[in-house]
Amino acid sequence: MSWGTELWDQFDNLEKHTQWGIDILEKYIKFVKERTEIEISYAKQLRNLSKKYQPKRNSKEEEEYKYTSCKAFISTLNEMNDYAGQHEVISENMTSQITVELARYVQELKQERKSHFHDGRKAQQHIETCWKQLESSKRRFERDCKEADRAQQYFEKMDADINVTKADVEKARQQAQLRHQMAEDSKADYSSALQKFNHEQREHYCTHIPSIFQKIQEMEERRIVRIGESMKTYAEVDRQVIPIIGKCLDGIAKAAESIDQKNDSQLVIEAYKSGFEPPGDIEFEDYTQPMKRTISETSLSNSRGDSKTELKFASKSKGKLWPFIKKNKGAGPEDFSNLPPEQRRKKLQQKVDELNKEIQKEMDQRDAITKMKDVYVKNPQMGDPDSLDHKLIEVGQNIEKLRLEVQKFEAWLTEVEGRLPIRGEQTRRQSGIYEAQTTPSVNNCAQDRESSPDGSYTEEQSQENELKMMATDFDDEFDDEEPLPTIGTCKALYTFEGQNEGTISIAEGEILYVIEEDKGDGWTRIRRNEDEEGYVPTSYVEVYLDKNAKGAMTYI
């Protein structure tokens, strides 16, 4: 099966077919190139997706990822990042092993094809030239034969005519002989040209064309084999990353299996446990007898008086209210006394651990500087050892400061750990949201009026008689408290929805009375009318203080 013998007369069709084969190869290259672009785009989108859902550093969101379900999600994001990397590998391998190689091969194929068909056209031109020479000698032979016949007929006519002179007859005879000789010469030339053409034609169709067409056939078959190998490589490139992709998926499955709902539930307890005991039973108050105030044996919240007092406190908003809102980072006291005991203990422990890490870092730095100084002492050309003394002093001072900080926080931590209640003991701690808000007022109402509304909890343990006395004093003070005088006015710059206890809603442009200015906590206490007052963010209002009133204000 050879194109040279079977397709000896299909030069033009072979030229079209081989060009079509190159077009198919270029189309496949384009297909693979677009596939690599898709892989790169997909990998980029996967990486962006993984990055988008990664927790931000030093944010509350990062703290939430301590739960096993969130850790599994982080593992999934990391595995998806590795998964995206495998798609990048697919793109790179397809580009280097298929696209680049085939593009180079196509250029070589085009040059080879051009050379073969150039040789084919040259052979065709040669045989066509031989054919033209044969036709020329044939026409000349035919013309000379006709001229010889006419010359012979003219001679015979002259020879038969008795009126023609002998000289004319001889001349006609000589002309006929000349024509016959020319015809014979043309015949010989024609015969020679015919033999030559037949030889060239046999060489053309039996040797030259088969050889050229065989080379074209081999070229085309190599193209077919090459595109098949490229398709095989295409599959292999995908298959090579399957084990790694499988490991990524196994990692996701393993992360899912690591989720522990019991552990997450325990973490919720650790995150939100206040350390207080639930309130005890409320004693029955017999109104048929003279009214007596009672104090709960187990809950400080009951020491604040009856429910009527609490309602009055909530509706009138005459006492200092502590709105439950999120404070800016760092707004709370240094000893975290605004937190419940258990949460305060955790924060203090965390602070101690952070300070110890900083101390270790400073000590490592000191060791490094000391080693560098030793090197300078041994090799003065490398540097002046005295130049490092101020750095050592500075690092030493930093370590000393950090150690003092650690001692301070450890003292607070020891104090808190010594006061935390043991389950089963009859401890007298406040509990519940309302009690957590107003406990500082029970301990020291006057002092709390100076502090910022940060929802602080108290941790002081008092005797039962002291609690009763303080609670009674608080109730008396609350009941007898006069409304605070206005110290100025304010204009609402923005609308504020006061949804938390102790806050008040305001509308943009509204004019209200200021009864207590910002104490540095970002809140201003205002009043709309006799029964409506509360706190609003200072940044939401423009305050116009009455200087006289402000100077006369004695509210502490």
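## Briefing on helix packing and aromatic pairs

E6 is exposed, with a relative accessible area of 57%, where exposed stands for over 50%, buried for under 20% and partly exposed for what lies in between (1.4 Å probe, protein chains only). This is a predicted model, in which local features need pLDDT of at least 70 and side-chain atom pairs count only at pLDDT 80 or more, while totals for chains, interfaces and linings use all residues. Residues are numbered from 1 along each chain as its sequence is written, and side-chain values use heavy atoms, with hydrogens and water left out.

**Around E6**

- E6 belongs to helix α1 (residues 3–6), helices being DSSP runs of H or I with at least four residues and strands runs of E with at least two, numbered from the N terminus.
- Although E6 and P210 are 204 residues apart in sequence, they are 9.1 Å apart in space, C-alpha to C-alpha.

**Helices α2 and α4**

- The axes of helix α2 (residues 11–52) and helix α4 (residues 68–160) come within 8 Å of each other and cross at roughly 165°, the axes being lines fitted to C-alpha atoms over the stretch in contact and the angles running from 0 to 180 degrees between N-to-C directions.
- That crossing makes α2 roughly antiparallel to α4, a term for angles over 145 degrees, whereas under 35 counts as roughly parallel, 65 to 115 as roughly perpendicular and the rest as oblique.
- The residues of the contact of α2 with α4 divide into 24 nonpolar, 13 polar and ten charged, with Ala, Val, Leu, Ile, Met, Phe, Trp, Tyr, Cys and Pro counted as nonpolar, Asp, Glu, Lys and Arg as charged, and the others, Gly among them, as polar.

**Aromatic pairs**

- A search of the whole structure finds twelve aromatic pairs, that is, rings of Phe, Tyr and Trp (its six-membered ring) with centres within 6.5 Å, called stacked if the planes are under 30 degrees apart, edge-to-face if over 60 and tilted otherwise.
- One of them is the edge-to-face pair of F11 and F117, at 5.4 Å centre to centre with 75° between the planes.
- Since F11 lies in helix α2 and F117 in helix α4, this pair ties together parts that are 106 residues apart in sequence.
- F11 is buried at a relative accessible area of 4%, and F117 is buried at 2%.
- Y494 and Y540 also form an edge-to-face pair, 5.6 Å centre to centre and with 75° between the planes.
- Y494 is partly exposed at 46% relative accessibility, as is Y540 with a relative accessible area of 29%.
- Ring pairs link Y494, F496, W523 and Y540 into a cluster.
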